Amino acid sequence: MPATLLQDPENIDYSDIENKYQVKHDEGFENVLVLDGVPIIGKDKLDKLLTKICKEFSRKGVTIKPDDIHVPWDGSTGKSKGFLFVEFRNVDEANLALATLQNHPFDTKHTFKLNRFTDIKKYADLDEAYVEPEAEEFVPKEHLRAWLADPQGRDQYVTYRGEEVLIHWHGKPSQYEVAHKPNWTNFLYVAWSPLGTYSATLHRQGVRIWGGPSWSQQQRFAHPFVKLIDFSPCENYLVTWSNEPIVVPDNAHQGPQYFSPDDEGNNVAIWDIKSGHLLRTFSTNNEGETPGQKKQMQWPILKWSPDDKFIARTTLGQMISVYELPSMGLHGKKSLKIEGVVDFEWCPLGEKDKEVTERDAKGGIKTTKKARENMLVYWTPEVANQPARVTLLGFPSRTILRQKNLFNCKIYWQNQGDFLCVKVDRHTKTKKSIFCNLEIFRMREKDFPVEVIELKDTVTDFSWEPKGDRFAIVSSSDPNLGNPGPGITIKTDVSFYQLDHSKNDFRLLRTLSGRTSNAIRWSPRGRHVVLATVGSSTKSELEFWDLDFNSDDVNRKETQASKEDWGSGIQLLGTADHYGVTDVEWDPSGRYLATSASAWTHTLENGYAIWDFRGQELTKQIQDRFKQFIWRPRPPTLLTKDQQKKIRRNLREFSRTFDEEDAAEESNVSAELIALRKRLVDEWNAWRALRKRELADERGHRAGRRSPSSEDKEEIEVWVDEVIEQIEEIVE
């Protein structure tokens, strides 16, 4: 037996094994935080306080136990000192707690304040001698709206084809060019923010937003399998939705920009765009629905107030919940209990309302005109003894402003909030067909009077004129309307209505019969409208109309209009055709229209075309696997009302300037052509002169080699034709 096995076990050296498997503990106090803002309590409430603190930490993804907390006590009073020490397992968890729980509201009277234990010691021993810090080099940030300073005043649009995205400049034909070719890969689709500041792409891991002249990444939001997004009107917040519920793995990142275990099972998230922080999550599954039940979801499921102060959602048939931003707390700590509620919409904020709001925010001149309160309108069907009705509600006062009993409603706001149209569908007595009533609320008048327009046909589309008092409808009495099939074209009528100020009611301007149009697209500036046949395999017509074709009608007063000239200004400017058109969109200026045929709908002649407001085709691109065309939105003008009026008064002077620029551009093109021709002629003349010199030099060189006595001889070749024999024969 070897001697090594007989030695005493206590004398065996295990140092190599101990060094290999030794557990290294954190040395120092980097993993210790000082938590201030804690309630001062007695020892009888200690367990309850520690349990609640641990719960608050766990909600933010930081797990601690009561044993990890040390509470200092005041010996004279027997109570705590209002702060405590928290020891974490490592420095990373301490950093996470510092990032997520700083300024966290513990209750209504206490807010958490966290500091590193080492920082307290460092600042206590701080040298009082002043040392001037080194000045950091200033690096200017890119302006996110730099594209608005384009010298030619051009607009931009984005196209998505195959896996390639291009951002284009749009202007005169000579000004077309690609502004940027981003290297975006593996995304679902592209979207612009409402004011055009950001461009968003949806990826498997979440959402990325881009901006600035270099199109660098501005922010990212980690929401896996995201399918839909919705920006707030002022671009402060973002809503993301996925059909997959949120799952937080054990090793997932933690922090204000990531989901926590409390978010598991939800699938809607609200984010702060500037900070990238997650504000709150919700679930789109209503209580009482079975998990396997498939139901069409309305989008957006969360609806923003026009000033970004509130966001609201409905629990179908029960209530509307309104949350305040940025805290995402339930307003008034209670929802609006509304039995049977089906849908609601916020009232848009008009330009006049924005001016009053901005004036009040800046503390401007005091006037009797107050900023209009936010309003929302909701519809409830008939429930028990309660009739179906539409209710107009002021918020946050929660005051009912107007109610009217209406059935089967759909809500259409005018974009300035001046009018509200509620389309009411009614069945005939035989219930074989549907007719419509249009209930129009005048939102700027006292008590919100309602006007009723009765129609005998079914209204399939309704659209207000932006910033105007006109609207257009598409109606049909075609028997195939309820059961459309492949190859069947639905016959429609398009009607225009306008507010008659002399009688203070809406009157019919004109009806266009025997159309196939099913979509109305108003220019953003009003006046011009396009009637399109979208989504049809047999028809794809576009009609360009001007509702103020007579120039005298633009500025005339409605009180002077007679029955003969009412509606006489409506004029067809042109017609066009784009086969398989799926999308129709005006540019922000209202001068150009884009139509596109997306491969997401069909695969026949995909591509896009751009037209002017008269229906003249400017460009057309047929591209395989073409998916998207979207104009870049523009923010509201920074010019005051007086400045805009001055520009309108001096419009002819500006037009003269633009005409001179156009003439200069044409002359530049001609000058370039003339310069090219002159350069070619000069090159030809230079070549000829060079060859002549070379020929002269060569002849002189030959003449120098000849003998002086030799005579120049000239050889001449003469060709002589001689007839040798001629025979004539007669052929019978």
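Is K641 buried, partly exposed or exposed? At 39% relative accessibility, K641 counts as partly exposed, where buried means under 20% relative accessible area, exposed means over 50%, and partly exposed lies in between, with a 1.4 Å probe and protein chains only. This is a predicted model, in which local features need pLDDT of at least 70 and side-chain atom pairs count only at pLDDT 80 or more, while totals for chains, interfaces and linings use all residues. Residues are numbered from 1 along each chain as its sequence is written, and side-chain values use heavy atoms, with hydrogens and water left out.

**Salt bridges**

- The structure holds 27 salt bridges, a salt bridge being a side-chain nitrogen of Lys or Arg within 4 Å of a carboxyl oxygen of Asp or Glu.
- One of these joins E351 to K641, with the closest N and O atoms 3.3 Å apart; the pair links distant parts of the chain, since E351 belongs to helix α5 (residues 351-362) and K641 to helix α7 (residues 641-649), 290 residues apart.
- Helices (H or I, at least four residues) and strands (E, at least two) are DSSP runs, numbered from the N terminus.
- Like K641, which is partly exposed, E351 is partly exposed, with a relative accessible area of 32%.
- D353 forms a salt bridge with R372, and here the closest N and O atoms are 3.5 Å apart; because D353 lies in helix α5 and R372 in the loop between α5 and β23 (374-380), the pair ties together parts that are 19 residues apart in sequence.
- Salt bridges that share partners join D353 and R372 with D418 and R444 into one network.
- Within that pair, D353 counts as buried at 5% relative accessibility, whereas R372 counts as partly exposed at 22%.
- R89 and E93 also form a salt bridge, their closest N and O atoms being 2.5 Å apart; R89 is exposed, with a relative accessible area of 63%, while E93 counts as buried at 16% relative accessibility.

**Positive surface patch**

- K45, K48, K52, K55 and K79 form a positive surface patch, and patches are made of residues with over 30% relative accessible area and no salt bridge, like charges being joined within 9 Å and nonpolar side chains (Val, Leu, Ile, Met, Phe, Trp, Tyr) within 5 Å.
- Lys and Arg count as positive and Asp and Glu as negative, while His and the chain ends are not counted; the place of a charge is taken as NZ of Lys, CZ of Arg, CG of Asp or CD of Glu.
- Helix α2 (residues 46-59) gives the most to the positive patch, with three residues.
- K48 is found in helix α2 and is exposed, with a relative accessible area of 68%.

**Backbone features**

- The peptide bond from L325 to P326 is cis, with omega near 5°, and P326 lies in the loop between β20 (319-324) and β21 (336-337).
- A cis peptide bond also runs from F395 to P396, with omega near 20°, and P396 has its place in the loop between β24 (389-395) and β25 (399-404).
- W215, although not a glycine, has a positive phi of about 55°; W215 lies in the loop between β12 (207-211) and β13 (216-221) and is buried, with a relative accessible area of 7%.
- F225, also not a glycine, has a positive phi of about 60°; F225 is found in the loop between β13 and β14 (228-231) and counts as partly exposed at 33% relative accessibility.

How values were computed:
Areas by Shrake-Rupley, 256 points an atom, 1.4 Å probe, with all protein chains shown as cover.
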